[in-house]
Amino acid sequence: MPRPLLLGGTTEASALAALLAGAGIAARLSLAGRTKAPAAQPLPTRIGGFGGAEGLARYLHDQRITHVIDATHPFAAQMSRNAAQACAALNLPLLALSRAPWHAQAWDRWQRVPDIASAVAALDRPAARVFLAVGRMHLEAFAAQPQHHYLLRLVDAPEAVPLPRSECVVARGPFTLAGDLALLRAHGTELVVAKNAGGPGAVAKIAAARQLGLPVLMIDRPTLPDRAETHDPQAVMRWLGHADLGVKT
């Protein structure tokens with residue numbers, strides 16, 4: 001019987017957790033602890049970091065984990081690197097359950113940038129009303145461009161916001177096109193800044209920007225280790241039924 005560790009924090013991870021629990025597989029779920037009140041999960045759950053790749057390797061060994069499934073956010077690059085390193089050290093099979101990235105369509109007005117620092121630099125322009133959809137962890141970086149009025153949407157209300165001209169909406173996705181159209185119109189948004197998270201849960205703001213003719217500053221995904229990958233939770237279940245697959249594609 002496999003004993004997998006599911007590195008979660010995404011809607012895809014939650015869907016897979018339900019499948020694992022329903023199949024009676026003795027899986028464990030790990031969450032980074034970025035949100036104060038994560039959604040209830042059907043698997044035994046640990047919250048917090050492991051202490052780098054070495055700490056993760058110790059956990060995998062001590063808990064007799066047989067497989068690792070990386071279903072973290074596409075921008076959780078360090079966790080994905082740690083998982084690849086720990087699995088290689090222990091010769092454990094690793095599979096990524098990922099989201100397909102978004103691709104610009106005919107009417108999109110995207111300016112692509114490689115990382116957060118480049119997005120901050122690209123905002124060196126006259127003041128505008130900006131929907132800053134990059135998550136709580138990156139707000140400090142945008143304090144270097146205080147001239148803008150920022151609209152933030154966060155899962156948890158922040159204790160402090162390092163942006164002098166900002167407004168925060170507390171909400172948890174998935175979001176709808178109608179809702180995001182209303183949000184952008186109500187706040188007079190002129191520019192959207194977003195990570196290319198992919199998947200359906202947060203794409204509404206991109207579709208809303210397209211419909212309103214707004215430019216989007218799109219932050220590309222970080223480079224991740226080579227590993228077997230799927231976008232289908234059912235494929236993960238099939239993979240777990242064949243322990244000899246390893247990390248090969």
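## A parallel sheet and its surroundings

Leu 152 stands opposite Cys 168 in S9. This is a predicted model, where local features need pLDDT of at least 70, side-chain atom pairs count only at pLDDT 80 or more, and totals for chains, interfaces and linings use all residues. Residues are numbered from 1 along each chain as its sequence is written, and side-chain values use heavy atoms, leaving out hydrogens and water.

Strand S8 (residues 149-154) pairs with S9 in the parallel sense, over 5 bridges. Pairing requires at least two DSSP bridges between two strands. Strands are DSSP runs of E with at least two residues; helices are runs of H or I with at least four, and both are numbered from the N terminus.

The open sheet has 6 strands, paired in parallel, in the order S6-S11-S10-S7-S8-S9. Strand S6 (109-113) and strand S9 (166-170) stand at the edges; each has a single partner strand, so one side of each lacks a neighbour in the sheet. From one strand to the next, the twist averages 20°.

Helix H5 (residues 177-186) packs on this sheet. H5 touches strand S7 (129-133), S8, S9 and strand S10 (191-195). Contact means heavy atoms within 4.5 Å. The direction of H5 makes about 150° with that of S8. Axes are lines fitted to C-alpha atoms, for helices over the stretch in contact, and angles run from 0 to 180 degrees between N-to-C directions.

Two arginines have charged ends over rings. This requires CZ of Arg, or NZ of Lys, within 6 Å of the ring centre and within 35 degrees of the ring normal.

| Charged end | Ring | Distance from ring centre |
|---|---|---|
| Arg 46 | Phe 50 | 3.9 Å |
| Arg 153 | Phe 175 | 3.5 Å |
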